[in-house]
Amino acid sequence: MSMSENEKIPGSERRQLLVDTLQTATQPMTGKELGELTNVSRQVIVGDITLLKAKNEPIIATSQGYIYMHAQLTPGKIERVIVCQHRPEQTEEELNILVDNGVTVKDVKIEHPVYGDLSASIMVSNRNEVQEFMKKINEAKAVYLSKLAEEGIHLHTIQADNEGQISNAQDALRKAGILVE
């Protein structure tokens, strides 16, 4: 689709373009990038994404940008849910242990005493992404989801190429006193 410099795309067309773009993207895309693509502000993109989510489009916001979550598991990958508990200042250590063992940390989930199950996307696969995630948490002065859970117990959905990577990651978390079994 070619656009003149300031041509705005009507809402429904723009949202379809966002879905098509995110479905084929090889990495997360920021609201700013999507706004530049469609000649609208980041705020308009945030609204569009909210409308798309309301129509059950599996778009998630990560610390790196928006991702379209394809329904099937990435071919050749395996997933596990692990239970962890640690002090907030050990978050970076926990994430680094996981990514250092070839594991992608997809999310964090807690059971809140009032709201029930809460989850947030993390989507980190390497130390650079962990560092960027931690930087965003610190800049926003965000509260870790695990701080809202009873005794800091939380779950992570993790993904790896093989069982060995998951086993090694669990062993390292166990040694660090982070894995709950």
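Helices here are DSSP runs of H or I with at least four residues, strands are runs of E with at least two, and both are numbered from the N terminus.

A quick word on the model. It is predicted, so local features need pLDDT of at least 70 and side-chain atom pairs pLDDT 80 or more, while totals for chains, interfaces and linings use all residues. Residues count from 1 along each chain as its sequence is written, and side-chain values use heavy atoms, without hydrogens or water.

Now, helix 3 itself. Its 13 residues, 42-54, should span 18 Å at 1.5 Å a residue, and the end C-alpha atoms are 18 Å apart, which agrees; the expected span is 1.5 Å times one less than the number of residues.

Which residues of helix 3 are buried? Ile45, Asp48, Ile49 and Leu52 are, with buried meaning under 20% relative accessible area, exposed over 50%, and partly exposed in between (1.4 Å probe, protein chains only). They cover an arc of only 100 degrees around the axis, so they sit on the same side of helix 3; that arc is taken from the directions from the helix axis to the C-beta atoms. An α-helix has 3.6 residues a turn, so residues three or four places apart point the same way.

The face turned away from the buried side carries exposed Gln43, Thr50 and Ala54. The cover over the buried residues of helix 3 includes helix 1 (11-24), helix 2 (31-38), strand 1 (59-62) and strand 2 (65-68), counting contact as heavy atoms within 4.5 Å. Thanks, all!
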